[in-house]
Amino acid sequence: MNPLLRSIPSVSQLLETPEVVELCADYSHDVVVSRLRECLDDLRNTLKTDSSIGELPSHSDIANLARKSLTQLSRSSLRPVINATGVLLHTGLGRAPMAESAVRQIQEVANGYASVEIDLESGKRSQRVEAVEQKLVELFGGERATVVNNNAGATLLTLAALASSKEVIVSRGELVEIGGSFRMPDVMSASGAIMHEVGTTNKTHLRDYDSAINEDTACLLKVHCSNYRVEGFTKSVPITELVTLGKQRGLIVVDDIGSGALFDYASLGITGEPMATESLAAGSDIVLLSGDKLLGGPQCGIIIGSEASVSKIASHPLMRALRVDKMTLAGLSATLDLYLGGKPEQEVPLLSLLHTPIEVLEHRAEVMSKAINESETKISASVESDVTYLGGGSVPTQEISTCCVVLKSASLTADQLASKLRRSEPAILPRIKNDRVHLDLRTIFAREDNMVIQLVTESHC
Ligand SMILES: *Cc1c(COP(=O)(O)O)cnc(C)c1O
């Protein structure tokens, strides 16, 4: 046994070391003690396995180790990232960036009290989300709306409230998996509804739904294939036809549209996104969508539809478990105001990124590339046209035009350079394509350009 084991200091001895006293000014006493214990345990284990160690680290060495591990712990929280991937709705980067007015409203309610459940005019209790509900109905249509934590929650709650222990008819071509953890069949079984699949992967006809209806059927469900397309010999039933069938047979029709376009994005090259307004106008009982996809707001799930169905959903016990907090309500409310104001493309960041003309991106890329080439680094930059995608479980096949600054290092591989950029402050997340580092201007805000130049040129010192 290593004789040094007997000389390992105790935690209380360490607590008197000046470096540890300083540490206790920055972190709570209990946290410091538990880190010191871990450091001492590590030391003990090393000494047990490695008899060649002839000297113990000093008390201040141990204190520094503890400080290092605590600093790492604080650093591992959320950090801002410059999104140079070109993927506009990057789930790993928190999907849609929020509008400034939304951020302001969130800040206003976050560190104080807010009129969440009190109606300021009458002083009485009002429903938690009433103001937001009214805006949603104004913008999307339908009779009533409610908001939950995310679209997955909205789907779970809707099926639980409207179809528990009953059958839900859905096309085999629409059993989506989104982001690995949202799989329609799993959500269905978690809700207590019974899935009744009809049709085939590529073709489902109205008659398939029709002949599947039985006395246990509660609803007809349509799910948007957000992140894939079935192409070629295909057939799916439009929502208008499902609604007609639902009305004939007295069944509820639920349309899970996912990304929630509020206007036609065809001019931006994005086609085929179902619109909640159209689905509601066609007569869907319930439409479900995400707040942080094409709407460009905070993460939430939006449920809109008939008074009768939304009331059932809003009074279900699961509603309490899935409800949103005051910050989400504030962020969503402010985002909806931008649509009500009529110029969302100017202020909803997702839309302004999508709207930026390609010539503007090209110009910014030229400026960026020139600045990098003129700096004293071993990185050379060039400008290339490219295409990107919306991403984040939305529209996989439709290309959005973009422009990239492509970086080449004299001494680092593409992976090494990308890893350096990821570790800068703020981090830059580039796209690696054909073994080269691409900075895609489509997702970089113009206000970040100078920072990108600085971080890239510094990455090679
Ligand atoms: C994205 C999506 C979901 C899940 O939404 P989250 O906001 O990620 O919970 C569910 N259904 C469809 C059709 C989607 O596109």
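A backbone N or O atom of N151 lies 3.3 Å from an oxygen atom of the ligand, a polar contact in the sense used here (a pair of N or O atoms within 3.5 Å; within protein, one must be able to donate a hydrogen and the other to accept it, and residues adjacent in sequence count only if both atoms are side-chain atoms). The model is predicted, and local features need pLDDT of at least 70, side-chain atom pairs count only at pLDDT 80 or more, and totals for chains, interfaces and linings use all residues. Residues are numbered from 1 along each chain as its sequence is written, and side-chain values use heavy atoms, with hydrogens and water left out.

The side chain of R95 has an N or O atom 2.7 Å from an oxygen atom of the ligand, and that of D256 has an N or O atom 2.8 Å from a nitrogen atom of the ligand. The protein buries 95% of the 380 Å² that the ligand exposes when taken alone (accessible areas by the Shrake-Rupley method with a 1.4 Å probe; for residues, only the protein chains shown count as cover).

The shell around the ligand consists of R95, N150, N151, A152, I178, F182, H224, S226, D256, G258, S290 and K293, a residue being near if one of its heavy atoms lies within 4 Å of the molecule. By class, three of these residues are nonpolar, six polar and three charged (Ala, Val, Leu, Ile, Met, Phe, Trp, Tyr, Cys and Pro count as nonpolar, Asp, Glu, Lys and Arg as charged, and the others, Gly among them, as polar). Helix α7 (151-163) and strand β8 (252-258) each supply at least two residues of the shell; helices (H or I, at least four residues) and strands (E, at least two) are DSSP runs, numbered from the N terminus. R95 itself lies in the loop between β1 and α5 (100-110), and its phi is near 55°, a positive value in a residue other than glycine. Most residues other than glycine have a negative phi, and most peptide bonds are trans.

Strand β8 belongs to an open sheet of seven strands with mixed pairing, in the order β2-β10-β9-β8-β7-β3-β6; strands pair if DSSP finds at least two bridges between them. At the edges are β2 (144-148) and β6 (194-198), each pairing on one side only. Strand β2 runs antiparallel to β10 (residues 301-305), and five bridges join them; in β10, I303 is the bridge partner of T146. Helix α7 packs on this sheet, touching β2, β3 (167-171), β7 (217-223), β8, β9 (286-290) and β10, and its direction makes about 160° with that of β9. Here contact means heavy atoms within 4.5 Å, and axes are lines fitted to C-alpha atoms, for helices over the stretch in contact, with angles from 0 to 180 degrees between N-to-C directions.

A second open sheet, also described as mixed, has five strands in the order β1-β13-β14-β12-β11. Its edge strands are β1 (81-84) and β11 (379-388), each of which pairs on one side only. Four bridges join β1 to the parallel strand β13 (residues 427-433), with A84 opposite P430. Helix α17 (residues 358-374) packs on the sheet against β11, β12 (400-409) and β14 (436-440), its direction making about 5° with that of β12. Helix α18 (residues 414-422) also packs there, touching β11, β12, β13 and β14, at about 160° to the direction of β13. In the loop between α18 and β13 lies P426, joined to E425 by a cis peptide bond with omega about -5°.
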